[in-house]
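Please keep the sequence and the model at hand while reading.

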Amino acid sequence: MASLKAPVIPKRGVSMTSMRAELVTPAPKILTSPQLHALLDILTHYQTYAEVQLFRNPETISSYGYPFASQQHNHDVTPSYASKSTTPLLAGLLRSLVLPLPGVRDLPPEFWHIRFQGLLSKLGEADLSESYDKGVLGVRKTLATAASVIHESVSRGILGGVPRRPKRDLDGVYDRSQASELLRAWEDVIHELTYGTLIDDLFDTATASSNLEDLPPAVLAAVDYVIIHVATFMHHVLVLSSEGPYMLRLAEMVHKLIPYSAIRQVLRIGNVASMLSGLTKLLLAKMSMGSLSNWIGLTRNADDGMNLLQWIISAVLSADSSEFRKTAENIEKAKDGPPKELLAKIKEYISRSRDIHEKTRAASFDSPTSMIAVILGARQTSLTIEQHAQCHEYLSACLAIRDRDEITKVLCRHKPDHFTQAIRDVVNSFEPIIRSVHEKVDLREHLTSIENILTDLINTSKPKPDPVMISNIQSGSPEAKGGPTETCAPSIEDYVGLLMKARQLVYNLLHDVLSKCPEVADQYRSYCKDAFKTFSSGLPYVAQHPRKSRQEPSSDADSFVTAVEQIQIQVESADKKGEHGEYGPNPTKEKINDASSKSSEDSASLSEWRQRRGAAGALSRNLQTLFSALPNDTRARVLTVVDSHVEYLGQLEELSLNRMQHILDDMLPQSRSEAANGITNPGLAKSTTATASISGPGMFLSRWQQLLDDTIVTPDVPGGPLRRGKDVKHALAQGKTVSSATKGAWDPEALTALAESGVPTPPEGEKIVVEAMGPGFKALAADLVARMPA
């Protein structure tokens, strides 16, 4: 019997004729370069974060694939590995860039499938709380989303590779006062690291000269580009984030507990074996009656205490927990607080199993209603609005205490002690490198430099004594009316100045090691060449040619690139369908930034740079196949979202470049006069203007903020609507204390609102692309990673 088809009913206001035309007209199957690039951006963005979230479950690490075992074994059993990873993007980066690193590649297999895997599994089993439960984003959510966005950027390079272009002249003229020139320098440096001889040139220059300015002009400009982006990231984490002052307090506590003087004394020992033994004893030795009785043989599993590193972790988390305990105790003692039996029920819930926690969270989400309403059930109806809020604060404080206790238990008190043994494995693996460096380089000087940099970072992140004017690019925008015009908060320029100081100190360390330890330099030179070969061809080639993936580029690699370029011919023909073409408007036809007209003749304009980045590199063919296989109606919906995303990325690029230019103008007021006197590369300098930039470049910042804003958290009232991260991103959990120097010094919410003015809103509907193509993309990535050389 033939299957019956439901009749097509036109939507209200839509004629049957137009609907038939819509159904009959096929959506295009060939994507343009910008569309492929946008499609890869969407898929990697959501896939990477989905993989990060999977690590909430203890089983995830067992399905990660090499080097983590599918089942945990003891030392005597050969481990087996999952054939295909459930977290392919994370696994791809680990295998291609981390595992081949000198020192890391010499770690014993037990480090990965016993020690490291054991720690990750136990942290998963600890059932740490979610942002949803506490109603705030928290430090773990903030850092996890930041790491995810950075990771996805690297993953796109690994998957698609770097497009090959003609050789770039890195000794040409780069005007370091222009954002477009810094961008050009960055692109040229990445290209020559991947396809040219720049790796050898950098190692040779750093070996021969202690003067940073001897590096090629393009490299110096690219360093400025990196510094401004890193400074923006640091400012966003430590100043604009509501968790910033809290993280600064934790960092300051750890910094004070590290025994720098004792480590310097150990580094004075000339004999390498004695020095390593002394350093290991200082950091890892456990001194307690339990450790003594275990060593003598009187006991076998008595608590042997903690080593210095574990003691620092425990002391910081314990001090943090004490503040949350005060919050909980204050609620328990409050005169008009919630009844004691209801608080006891909340405590009982916290101690229950993961299954109960997940069911409670699901019930709160599905209702939707607050977590407190689900935990207390019908008894919560007797609570006032104020008492309900106090119960939620109590739940948040108790969860925070439990989280810190569980982390301390896993890292500091777990038997067997995977943490201590993992540190010993790392020391033993890096011993040849440490031995070579210690014999020829005085590390005490560089340790002092590191200590000073960290001290300067903490001091820079504290309020300024006098307020300064906020830069006009924020305060002058229409959206920023009514916002603050001056602030005591650190500015991006302050962090740029800090990094400029650290830049020379880092270069001094590199020069000392490379010039005095040639065997170490050769190891890292070879590693860098191999690492950038991954970016030269992309993961599809590495997967198809595992034996040649770490050799010099061959004719096979060239033929593979040629094959990939065949699909690009179709893509380019799609690009040339006209301004509006048969596939609709092309959102990438954007104006060239005025600053790019000042570049030299061989420089690419901003629009040309965007076209170079177009498509998905070596992955273009695969994505094109996935897209073409979609049903016509699905393909049309996906295409609409992708076009919106192309426009969104273009707006972010333009905004990022403008913000970078504004910082350069603030920090380089003397550049014009120096250029007029023949100095064409003045570089970044300490700002001499009394202004503060609170927003900087970096498309990743907007993508990071999108993850935070989209985070779902519990309603704050019974029967209330679900909230998003954007509703609570400025809230700090009760009990979290900040440094007395930063407390109340600035308003992160007001500054963030100012910094976000003018930022384009992410297009809606990206989940349509993820639902339609996400599974296929994940399967593709898993297949490519599975064929990588182990």
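Helices (H or I, at least four residues) and strands (E, at least two) are DSSP runs, numbered from the N terminus. The model is a predicted one, in which local features need pLDDT of at least 70 and side-chain atom pairs count only at pLDDT 80 or more, while totals for chains, interfaces and linings use all residues. Residues are numbered from 1 along each chain as its sequence is written, and side-chain values use heavy atoms, with hydrogens and water left out.

## Overall composition

The protein chain contains 34 helices and five strands. Burial is judged by relative accessible area: under 20% is buried, over 50% is exposed, and values in between are partly exposed (1.4 Å probe, protein chains only). On this basis, 51% of the 790 residues of the protein chain count as buried. A contact means heavy atoms within 4.5 Å. Among contacts in the protein chain between residues at least 6 apart in sequence, 79% join residues at least 24 apart.

## Helix packing

Axes are lines fitted to C-alpha atoms, for helices over the stretch in contact, and angles run from 0 to 180 degrees between N-to-C directions. Angles under 35 degrees count as roughly parallel, over 145 as roughly antiparallel, 65 to 115 as roughly perpendicular and the rest as oblique.

| Helix pair | Packing angle | Axis separation |
|---|---|---|
| Helix 3 (residues 88-98) and helix 34 (residues 766-786) | about 25° | 9 Å |
| Helix 29 (residues 632-667) and helix 34 | about 130° | 9 Å |
| Helix 23 (residues 492-516) and helix 29 | about 70° | 11 Å |

With an angle of about 25°, helix 3 is roughly parallel to helix 34. Their crossing is left-handed, a term used if the near helix is turned anticlockwise from the far one by less than a right angle, whereas clockwise is right-handed. Helix 3 contributes Pro 88, Leu 89, Ala 91, Gly 92 and Arg 95 to the contact, and helix 34 contributes Phe 777, Lys 778, Ala 781, Ala 782, Val 785 and Ala 786. For residue classes, Ala, Val, Leu, Ile, Met, Phe, Trp, Tyr, Cys and Pro count as nonpolar, Asp, Glu, Lys and Arg as charged, and the others, Gly among them, as polar. The contact of helix 3 with helix 34 has eight nonpolar, one polar and two charged residues.

Helix 34 also packs against helix 29 at about 130°, and the two are therefore oblique to each other. Helix 29 passes helix 34 in a left-handed crossing. On helix 29 the contact involves Thr 634, Arg 637, Val 638, Val 641, Val 642 and His 645; on helix 34 it involves Glu 766, Ile 768, Val 769, Ala 772 and Met 773. These residues divide into seven nonpolar, two polar and two charged. In general, an α-helix has 3.6 residues a turn, so residues three or four places apart point the same way.

Ile 492, Glu 493, Val 496 and Gly 497 in helix 23 meet Ile 663, Asp 666 and Met 667 in helix 29. By class, the contact comprises four nonpolar, one polar and two charged residues.

## Helix length and burial

The expected span of a helix is 1.5 Å times one less than its number of residues. Helix 6 (residues 138-160) has 23 residues and should span 33 Å, which agrees with the 34 Å between its end C-alpha atoms. Helix 7 (residues 179-195) reaches 24 Å from its first C-alpha to its last, close to the 24 Å expected for its 17 residues. Helix 7 is mostly covered, with 14 of its 17 residues buried.

## Backbone features and individual residues

Most residues other than glycine have a negative phi, and most peptide bonds are trans. Where does Pro 67 lie? Pro 67 is in the loop between helix 2 (33-54) and helix 3, and the peptide bond from Tyr 66 to Pro 67 is cis, with omega near 10°. The bond from Lys 415 to Pro 416 is also cis, with omega near 0°; Pro 416 is located in the loop between helix 18 (385-412) and helix 19 (418-429).

Asp 127 is not a glycine, yet has a positive phi of about 55°. Asp 127 occupies the loop between helix 4 (109-125) and helix 5 (131-134) and counts as buried at 10% relative accessibility. Gly 161, which follows helix 6, has a positive phi near 80°.

His 113, in helix 4, counts as buried at 2% relative accessibility. Its C-alpha is 9.0 Å from that of Ser 62, 51 residues away in sequence. Ile 258, in the loop between helix 10 (244-257) and helix 11 (260-267), is partly exposed at 29%. Not counting residues up to four places away in sequence, Ile 258 touches Ile 263 and Ile 312.
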